[in-house]
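Hi everyone, thanks for coming. Let me put the structure up on the screen, and then I'll walk you through it.

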Amino acid sequence: MTLHEQIEKAVEPLPLLQYGFIRPEELVFSERVRYICQHECSRYGTSWACPPAVGSVEECRRKCLRYEEGFVFVTVSEVPAGASFEEMLEGRRDHERAAVKIKKLLEEMGLEVFMLSTESCALCPECTYPSAPCRHPDRMFPCVESCGILVTELAESCNVEFLYGEGVVTWFGLALFRRL
């Protein structure tokens, strides 16, 4: 059984809508994504999972390219019309649980894993950034976009749908891995 087949079998019980495999060289990095983080996200500069704490886009690109392969996974959640941003974020909990399980499954296969997930980390009520180290570095997953990765390009490169219709939020995760 190939490594991809092992991964596919291991993730069967998880609530993943779609998934695919990607080579890190296929990732598209853009300063435009970082610009959006800096100018439109209230978490910019407040979390170890977000810029500038994650490093420059170029530093993130170099880190991602150290890995051999990537596993892209998608979950979705339904959001009622008129939901607040906070209510929308509630739907990501299942996605984050899946990300934790995927990381563990890949590590159990003897792989080193760099997990990227959704939005900003929400493990602690208040992040220690920048005054103290992260309390949970093994469970804190930077956001895919925080690394400057274009999610639309990521989805297209592994044939994963991006939009599922009105009232549906699509959550993306990316597990980059390499053999130890």
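One definition before we start: I'll call a residue buried when its relative accessible area is under 20%, exposed when over 50%, and partly exposed in between, using a 1.4 Å probe and protein chains only. Please keep in mind that this is a predicted model, where local features need pLDDT of at least 70, side-chain atom pairs count only at pLDDT 80 or more, and totals for chains, interfaces and linings use all residues. Residues are numbered from 1 along each chain as its sequence is written, and side-chain values use heavy atoms, with hydrogens and water left out.

Helices (H or I, at least four residues) and strands (E, at least two) are DSSP runs, numbered from the N terminus.

Let's begin with helix H2, residues 31-40. Which of its residues are buried? Those are Val 33, Arg 34 and Cys 37. They cover an arc of only 100° around the axis, so they sit on the same side of H2; that arc is taken from the directions between the helix axis and the C-beta atoms. As a reminder, an α-helix has 3.6 residues a turn, so residues three or four places apart point the same way. On the face turned away from the buried side of H2 you'll find the exposed residues Glu 31, Arg 32, Tyr 35 and Glu 40. The buried residues of H2 pack against H3, and for contacts the cut-off is heavy atoms within 4.5 Å.

Now the sheet. Its 4 strands run in the order E1-E2-E4-E3, forming an open sheet with antiparallel pairing. Two strands count as paired if DSSP finds at least two bridges between them. Strand E1 (18-22) and strand E3 (111-116) are at the edges with a single partner strand each, so one side of each has no neighbour in the sheet. From one strand to the next, the twist averages 20°. Angles here run from 0 to 180 degrees between N-to-C directions, with axes as lines fitted to C-alpha atoms, for helices over the stretch in contact.

Strand E2, residues 69-78, pairs with E1 over 5 bridges, and Gln 18 has Val 74 as its bridge partner in E2. E2 also pairs with E4, over 10 bridges, where Gly 70 is partnered by Leu 176. Because 8 of its 10 residues are buried, E2 is largely enclosed by the rest of the structure. Helix H1 (residues 3-11) lies across E1, E2, E3 and strand E4 (168-179), at about 160° to E1.

What about the nonpolar core? By that I mean a set of buried Ala, Val, Leu, Ile, Met, Phe, Trp, Tyr and Cys residues joined through side-chain atoms within 4.5 Å. The largest has 22 residues, and Leu 27, Cys 64, Leu 116, Ile 149 and Leu 174 touch the most other members. Helix H3 (57-65), E2, E3, helix H6 (151-157) and E4 each give at least two residues to this core. Apart from it lies another core of 18 residues, including Leu 3, Leu 16, Phe 73 and Ile 102.

Last stop: helix H5, residues 92-108, where we find His 95. Is His 95 buried or exposed? His 95 is buried, with a relative accessible area of 0%. Setting aside neighbours within four places in sequence, the contacts of His 95 include Phe 73, Thr 75 and Trp 171. Leaving out neighbours within four places, Leu 105 is in contact with Ala 10, Val 11 and Leu 14.
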